[in-house]
Amino acid sequence: MTSTEPMGRRERKKAATRKNISDVATKMFLDRGFDNVSIREIADAADVSPTTVFAHFPQKEALVFDEDDEQRERLVGAVRGRADGISINRALHDFYSTDVRTNVDEHGDDVTRIFMAFLNETPVLREYAARMWLRHEDALSDAIADELGLDAPTAEIRVYSRFVLQMLLLVNDADDQLGTLDAGFAMLESGWSPVEARLASARTDAR
């Protein structure tokens, strides 16, 4: 069994600085608009230098999305950590569903709507968010292949992974997010389940 080493003082300080910069920047963007806030203004408000801002965030768009690595790990964890008897499709559906419900519960409908409206009104952020999220295709495909006992993802696994990732972008734009989520995974179920069963069966036969 492996254990995660706790962060040292230096790492905790870096994480806290990064979060503070992102929180300050996001508030300023929401108040004034993404294009109307400069990196220097963000640095001054966060009490750091512009160099420190860029040390944590390689470009301005990244300031709004500071949890990319954590999101990838949680996505992969939904596949690898699912309970016995739970299909990959069901595990990913439940992972998305929990996230949608948590966002509403933690932030409230109004805050969620304000943030999504902000993203929708800022094309460069929408494009950046989509690009960053779709980068997880390889990680998700590899996790699924590994769970099915394959050395590498098949074309079907890669197609499925791309559909799953694209679905969240659609859900985020929907008025009825949970309804859209359920509809999307219901459609995937009929196409993916036979593939998962066939690949799993082939692994069993090969033993």
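Me: A crossing is right-handed if the near helix is turned clockwise from the far one by less than a right angle, and left-handed if anticlockwise. Which hand does the crossing of α4 and α7 have?

Reply: Right-handed: α4 passes α7 that way in this predicted model. Helices here are DSSP runs (H or I, at least four residues), numbered from the N terminus. Helix α4 covers residues 68-80, and helix α7 covers residues 137-147.

Me: What makes α4 roughly parallel to α7?

Reply: Their angle is about 20°, with the axes 9 Å apart. Axes are lines fitted to C-alpha atoms over the stretch in contact, and angles run from 0 to 180 degrees between N-to-C directions. Angles under 35 degrees count as roughly parallel. So α4 is roughly parallel to α7.

Me: Which residues meet there?

Reply: From α4 come R72, L75, V76, V79 and R80. They meet A139, L140, D142, A143, I144, D146 and E147 in α7. Contact means heavy atoms within 4.5 Å. The residues divide into seven nonpolar, no polar and five charged.

Me: Why is E137 called buried?

Reply: E137 lies in helix α7. Buried means under 20% relative accessible area (1.4 Å probe, protein chains only). E137 has 14% relative accessibility, so E137 counts as buried. Setting aside residues up to four places away in sequence, E137 touches R158, S161, R162 and L165. E137 and R158 are 21 residues apart in sequence, but 7.3 Å apart in space, C-alpha to C-alpha.

Me: How confident is the predictor in the chain?

Reply: The mean pLDDT (confidence per residue, from 0 to 100) is 87, and 89% of residues reach 70 or more. Local features need pLDDT of at least 70, side-chain atom pairs 80 or more, while totals for chains, interfaces and linings use all residues. Numbering starts from 1 along each chain, and side-chain values use heavy atoms, without hydrogens and water.

Note on methods: Helices (H or I, at least four residues) and strands (E, at least two) are DSSP runs, numbered from the N terminus. Angles under 35 degrees count as roughly parallel, over 145 as roughly antiparallel, 65 to 115 as roughly perpendicular and the rest as oblique. Ala, Val, Leu, Ile, Met, Phe, Trp, Tyr, Cys and Pro count as nonpolar, Asp, Glu, Lys and Arg as charged, and the others, Gly among them, as polar. Buried means under 20% relative accessible area, exposed over 50%, partly exposed in between (1.4 Å probe, protein chains only).
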